[in-house]
Amino acid sequence: MNLTIERLTDEHLPAFYAVAKAEEPFAAEMAPTLNHFRAMLAGAGGLEGFVLLADGEVVGGVTFTDHVPLVDVMIHAVVSKRIRGRWLSRKVLGTVFAFCFEELALPRVSAYALPGVMPEAEWLLLKMGFHVEGVKACATLRPDGYHDVMLFGMLRSQCPWLTVA
């Protein structure tokens, strides 16, 4: 399998939406159509990000929301089960974190997971080098009720994916 990464474009959205709907808890309920998905990303300051392609087919992506210039951005990732664990390459993560820390010139990147709902996300974030920063109780409402939110952060100085000059 040839795995590549490229900037997310509007042409990628239908295939990326299909992956998100299949793999992300509550995606189908929170974004029941492609237009809802597009609006959800745009409304959170999104539509900036990358798609992962396996032999030219969209199999996941990384998006960014809640960008506070020169301070922070929230990172989100969703991938097809068929590439889980295989997309965490130095090339992919180097591209993603170079965008955050070099192109956006941020000192930190944030992420979150829902404890008990997204255990794979918790594992993934720790594997990527994020640190647990705390838990906000009942901080998000999903179709099945309120959930705690586990907050993660990574400082530029802690990022293992940037190339050493």
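## Stop one: the rings

There are 7 aromatic pairs in the structure, where a pair means rings of Phe, Tyr or Trp (its six-membered ring) with centres within 6.5 Å, called stacked when the planes are under 30 degrees apart, edge-to-face when over 60 and tilted for the rest. Start by selecting Phe50 and Phe64: their ring centres are 6.4 Å apart and the planes sit at 85 degrees, so this pair is edge-to-face. The pair links distant parts of the chain, with Phe50 in strand E2 (residues 48-54) and Phe64 in strand E3 (residues 57-68), 14 residues apart. Helix and strand names come from DSSP runs numbered from the N terminus (helices are H or I, at least four residues; strands are E, at least two). Phe50 and Phe64 are both buried; here buried is under 20% relative accessible area, exposed is over 50%, and partly exposed is in between (1.4 Å probe, protein chains only).

Before moving on, a word on what you're looking at. This is a predicted model, in which local features need pLDDT of at least 70 and side-chain atom pairs count only at pLDDT 80 or more, while totals for chains, interfaces and linings use all residues. Residues are numbered from 1 along each chain as its sequence is written, and side-chain values use heavy atoms, with hydrogens and water left out.

Next, pick Phe97 and Phe130. This aromatic pair is tilted, at 6.0 Å centre to centre and 55 degrees between the planes. Phe97 belongs to helix H4 (residues 90-103) and Phe130 to the loop between helix H5 (119-128) and strand E6 (131-142), so the pair ties together parts that are 33 residues apart in sequence. Both Phe97 and Phe130 are buried.

For another set of rings, select Phe16, Tyr17 and Phe37, which ring pairs link into a cluster.

## Stop two: along H4

Stay with Phe97 and look down the helix: H4 bends by about 30 degrees there, taking the bend as the angle between axes fitted to the seven residues ending at a residue and the seven starting there. Which residues of H4 are buried? Val92, Leu93, Gly94, Val96, Phe97, Phe99, Cys100 and Phe101 are. Just past the end of H4, click Ala105, which has a positive phi of about 55 degrees.

Find Phe26 in the loop between helix H1 (13-23) and helix H2 (27-30); its relative accessible area is 15%, so Phe26 counts as buried.

The C-alpha atoms of Pro143 and Phe26 are 6.9 Å apart, though 117 residues separate them along the chain. Leaving out residues up to four places away in sequence, Pro143 touches Phe26, Glu29 and Met30, a contact being heavy atoms within 4.5 Å. Pro143 is partly exposed, at 48% relative accessibility.

## Stop four: opposite charges

Side chains of opposite charge can pair when their charged atoms come close. How many salt bridges does a search of the whole structure find? It finds 9, each being a side-chain nitrogen of Lys or Arg within 4 Å of a carboxyl oxygen of Asp or Glu.

- Select Arg38 and Asp10, whose side chains meet in a salt bridge (3.1 Å, N to O). Arg38 is in helix H3 (residues 34-43) and Asp10 in the loop between strand E1 (3-7) and H1, 28 residues apart.
- Select Asp72 and Arg108, a salt bridge with its closest N and O atoms 3.3 Å apart. Asp72 is in strand E4 and Arg108 in strand E5 (residues 108-113), so the pair ties together parts that are 36 residues apart in sequence. Asp72 and Arg108 are both buried.
- Select Glu120 and Arg84, a salt bridge with the closest N and O atoms 3.0 Å apart. Glu120 is in helix H5 and Arg84 in the loop between E4 and H4, 36 residues apart.

## Last stop: Ser80

Finish at Ser80, in the loop between E4 and H4. Ser80 is buried, with a relative accessible area of 15%. Show its neighbours and you'll find Val19, Glu23 and Val59 in contact with Ser80, not counting residues up to four places away in sequence.
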